[in-house]
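Please look over the sequence and the 3D structure shown below.

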Amino acid sequence: IGLCIGGFHVVNLDDAIIHPGEGGTNVDYQGQLIVFQPSIGEILQGKIIQCLPNGIKVSLDFFQDIFIPANLLQQPSEYNARESFWVWKYEDDDGLIHEAELRKFDIVRFKIQRIDYKKSNTFIQVANSDPIMSLIASMNEPGLGLLSWWGII
């Protein structure tokens, strides 16, 4: 279904039930939920939170488990290990080589390629545990990457 971000307008909450061997409680809930439900192929916009040798991590502020592997960045791209950023090297129509940097805090557009869910019996994610939902995305098509590359900002 997606990732439940919050609930509001509670109509009914039944009694909490503890199932043997689980330790957590299950409660039947009637009301409205806010659910983050991205689709494969959907284009989103977020902020780079980390540049790594194997790719880039992106945040949507309310959701940080988005990874863009190096092979799904604009090509050819190179990682600058000394300063921790990515550089897309491209050739213009006149044959000149240009460099476009991807750095922490840059705003980028990306396309969802895969959605992974971890099986969980709880609505609450424990700190430092594997994410309940994670996204693999790409930035290797025209219009994706830094907004300034395409004259958007």
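Val35 lies in strand S4, where strands are DSSP runs of E with at least two residues, numbered from the N terminus. The model is predicted, so local features need pLDDT of at least 70 and side-chain atom pairs count only at pLDDT 80 or more, while totals for chains, interfaces and linings use all residues. Residues are numbered from 1 along each chain as its sequence is written, and side-chain values use heavy atoms, with hydrogens and water left out.

Because its relative accessibility is 36%, Val35 counts as partly exposed, a class that lies between buried (under 20% relative accessible area) and exposed (over 50%), with a 1.4 Å probe and protein chains only. Together with Val10, Leu13, Val27, Tyr29 and Leu33, Val35 makes a nonpolar surface patch of about 490 Å². Such patches are made of residues with over 30% relative accessible area and no salt bridge, nonpolar side chains being joined within 5 Å; a salt bridge is a side-chain nitrogen of Lys or Arg within 4 Å of a carboxyl oxygen of Asp or Glu, and areas come from the Shrake-Rupley method with a 1.4 Å probe. Strands S1 (3-13) and S4 (29-36) each supply at least two residues of this patch, and S4 gives the most, with 3 residues.

| Pair | Bridges | One bridge |
|---|---|---|
| S5 (residues 43-52) and S11 (residues 107-117) | 5 bridges | Gln45 with Arg109 |
| S5 and S6 (residues 55-59) | 5 bridges | Lys47 with Ser59 |

S5 and S6 also form a hairpin, with 2 residues between them.

How values were computed. Two strands pair if DSSP finds at least two bridges between them. Helices (H or I, at least four residues) and strands (E, at least two) are DSSP runs, numbered from the N terminus. Patches are made of residues with over 30% relative accessible area and no salt bridge: like charges are joined within 9 Å, nonpolar side chains (Val, Leu, Ile, Met, Phe, Trp, Tyr) within 5 Å.
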